[in-house]
Amino acid sequence: MKVIGPNGIMRHRRARIGVTIAAALALGTGMLAVASTQPARAAAGCQVNYSIVTQWDVGFTGNIIITNLGDPLTSWTLEYDYPGNQQLTQSWNSTFTQTGTHVTLNNASFNASLGTNATVNPGFNASYANTNVSPTSFTLNGVACTGTAPTSPPTSPPPSSPPPSSPPPSSPPPSSSPPTTTAPPGPPAVTHVDNPFAGAVGYLNPDYQKEIADNAPTTGTLGAEASEVANIPSAVWLDSMSAVTGTATRMSLQAHLDAALAQEQADGQQLTAEFVIYDLPNRDCAALASNGELRIAQNGLSIYESQYIDPIAALMSDPKYQNVRIVTVVEPDSLPNLVTNLSIADCAEANSSGAYRMGIQYALNKLHAIPNVYTYIDLGHYAWLGWDSNFNPAVTLITGVIKGTTAGVNSVDGFISDTAGYSTTTEPFMTANQTVGGQPVRSAHFYQFNTYIDEASYDTAMYNAFVAQGFPASIGMLIDTSRNGWGGAARPAGPSTSTTLDTFVNDSRIDRRPQSGGWCNQSGAGLGTRPVASPMPHFDAFVWIKPPGESDGTSDSTATRFDAMCDPNAQNRYDNSVKTNALPGAPQAGQWFEAEFEMLLGNAFPAL
């Protein structure tokens with residue numbers, strides 16, 4: 001039996017103290033109007049709601065809702081002054097400048113237009129010292145925001161006004177009873193569709209776009225390729241409680257949802273936004289590089305439910321976001337670890353305590369109850385659970401967990417494989433049971449008698465197995481193709497002509513790793529197929545869950561969270577005859593790794 005360790009991602013962030021201060025303001029004093037050439041000044045007015053979403057000892061995340069009460073605007077500028085020493089460090093849905101205490105927010109390219117009664121929602125991170133008093137006056141395009149539209153009477157009656165001597169047409173005769181009124185209809189019911197990716201565009205994560213803008217080349221071929229990748233949808237990893245509330249360098253979940261809603265409104269198209277639910281206690285129990293913040297023995301499950309899942313569900317269930325299709329990838333690596341890695345103490349504890357099972361059931365119960373939220377359970381990858389001795393127990397375990405939820409098999413929309421992995425979607429030049437020299441391909445040293453040699457065949461078998469267990473035929477499969485392209489000069493152009501099995505396999509396989517379980521910053525990898533809906537029967541989409549360029553784990557053996565599978569000089573723990581194939585110079589998991597990003601660009605298949 002082949003036991004393969006999981007791959008994982010963790011963004012390391014400082015713990016924050018969540019303090020929410022709502023400061024709804026309808027203001028109009030204390031700030032001088034600034035001259036503006038903005039059109040439609042004849043009827044200008046605005047309202048601003050400024051709030052502190054979360055606050056810690058030296059910084060905070062803020063949210064601003066601007067409502068235009070005047071004529072439509074083709075661009076907008078919001079200005080205000082801080083009463084203290086607050087300094088903006090990052091903004092989203094706007095660009096900012098700050099001189100002393102004076103802050104200027106300008107529209108982003110996608111939200112310049114602001115119609116009458118329309119809103120826009122810039123957010124920001126900022127630092128402060130001692131006190132954090134909210135500003136009290138705002139101007140929009142130089143006009144003070146009073147919270148009301150202008151009340152000056154028009155110079156002539158509007159065309160629809162009745163003659164002065166006539167009563168308003170809608171006024172009842174003096175002897176009539178008051179007219180009855182009917183409450184306006186509520187919002188239409190949200191339809192939970194079969195495939196949330198079909199007919200939709202993907203959310204562009206501003207945090208990831210900023211990583212690329214701040215670190216990647218901006219000129220030449222690499223610059224053009226980096227710009228292209230920045231506009232490919234990828235998932236947001238909610239890998240800590242602070243990832244939900246936001247930090248000095250990462251947007252909060254609310255800010256992401258607001259940005260997704262703004263993108264959808266600006267594009268005028270249905271939008272799907274992907275989020276990874278990833279903070280179980282004893283998380284990634286078999287991979288040191290991505291161990292989580294919560295411990296089972298320290299009340300971790302209760303904290304996970306009340307301080308992580310509950311806030312996520314509360315935000316995602318806000319009716320404001322009901323038209324955004326929210327896709328959640330639920331706890332990568334967790335249940336697969338309970339199949340293969342129970343010899344590791346943390347995994348054994350996760351199994352004996354039931355924490356993984358109960359945590360996932362709690363998450364599914366909360367998330368499935370929200371009509372516009374879609375849930376997908378992680379299946380590891382073919383080189384982890386593909387052997388029959390792993391595959392069948394995995395189906396049994398996962399089925400039992402899902403059937404234990406309130407909605408049973410209907411609580412999930414499907415399954416995902418290769419999350420943050422490198423396994424090829426398909427091997428085009430051979431099949432598992434093809435014989436070479438009288439032996440099946442799957443018996444080669446690289447595959448170790450695995451039943452499957454790629455993700456598509458593994459996922460198709462998983463689909464069939466779950467349907468046989470009573471899941472609806474409508475469940476859909478996903479593959480994370482963000483780093484499984486394996487292009488570049490080393491990619492074979494066709495099948496080998498060798499009649500020696502291992503030579504044939506090694507010369508024919510697209511996957512260029514020396515061992516199929518290598519998971520940390522794999523040398524030679526490339527960007528894979530771009531996200532696409534309905535790529536083959538029973539597959540909802542190919543997606544980019546792992547943002548390309550973010551490290552899997554550090555190669556520094558002296559660092560905390562060091563895992564030997566990330567050491568390029570170490571032997572692969574699953575096959576001591578080869579090395580790990582990890583890249584040197586890697587930072588901690590989740591941090592930007594420029595050398596890896598440029599490698600992925602150069603080896604992309606299809607090419608950028």
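This is a predicted model: local features need pLDDT of at least 70, side-chain atom pairs count only at pLDDT 80 or more; totals for chains, interfaces and linings use all residues.
Start with the whole chain. It holds 13 helices and 24 strands. Of its 608 residues, 55% count as buried. Take the contacts between residues at least 6 apart in sequence: 78% of them join residues at least 24 apart.

Next, the interior. In soluble globular proteins, nonpolar side chains tend to be buried together. Here the largest nonpolar core has 84 residues. Met316 and Phe415 have the most contacts inside this core. What does Met316 touch, leaving aside residues up to four places away in sequence? Its partners are Leu253, Leu257, Phe275, Ile326, Thr328, Leu367, Ile370, Asn372 and Val373.

Helix α4 spans residues 253–267, and helix α5 spans residues 300–316. Their axes come within 10 Å and cross at roughly 25°. An angle under 35 degrees counts as roughly parallel, so α4 is roughly parallel to α5. The crossing is right-handed. On the α4 side, the contact is made by Leu253, Gln254 and Leu257. On the α5 side, Ile312, Leu315 and Met316 take part. By class, this contact has five nonpolar residues, one polar and no charged ones.

A second pair packs at another angle. Helix α2 (residues 220–230) meets helix α13 (residues 594–602) at about 90°, with the axes 10 Å apart. The two helices are therefore roughly perpendicular to each other. From α2 come Leu222, Glu225, Ala226 and Val229. From α13 come Phe597, Glu598 and Leu601. The class count for this contact is five nonpolar, no polar and two charged residues.

Now the backbone. Most residues other than glycine have a negative phi, and most peptide bonds are trans. Where does the chain have a cis peptide bond? The bond from Phe605 to Pro606 is cis, with omega near 0°. Pro606 lies in the segment after α13.

Two non-glycine residues have a positive phi. Asp284 has a phi of about 45°. Its place is in the loop between β14 (271–277) and α5. His538 has a phi of about 75°. This residue is in the loop between β21 (532–533) and β22 (539–543). Is Asp284 buried or exposed? Asp284 has 2% relative accessibility, so it counts as buried. His538, at 41% relative accessibility, counts as partly exposed.

How values were computed. Residues are numbered from 1 along each chain as its sequence is written. Side-chain values use heavy atoms; hydrogens and water are left out. A nonpolar core is a set of buried Ala, Val, Leu, Ile, Met, Phe, Trp, Tyr and Cys residues joined through side-chain atoms within 4.5 Å. Buried means under 20% relative accessible area, exposed over 50%, partly exposed in between (1.4 Å probe, protein chains only). Contact means heavy atoms within 4.5 Å. Axes are lines fitted to C-alpha atoms, for helices over the stretch in contact, and angles run from 0 to 180 degrees between N-to-C directions. Helices (H or I, at least four residues) and strands (E, at least two) are DSSP runs, numbered from the N terminus. Angles under 35 degrees count as roughly parallel, over 145 as roughly antiparallel, 65 to 115 as roughly perpendicular and the rest as oblique. A crossing is left-handed if the near helix is turned anticlockwise from the far one by less than a right angle, and right-handed if clockwise. Ala, Val, Leu, Ile, Met, Phe, Trp, Tyr, Cys and Pro count as nonpolar, Asp, Glu, Lys and Arg as charged, and the others, Gly among them, as polar.
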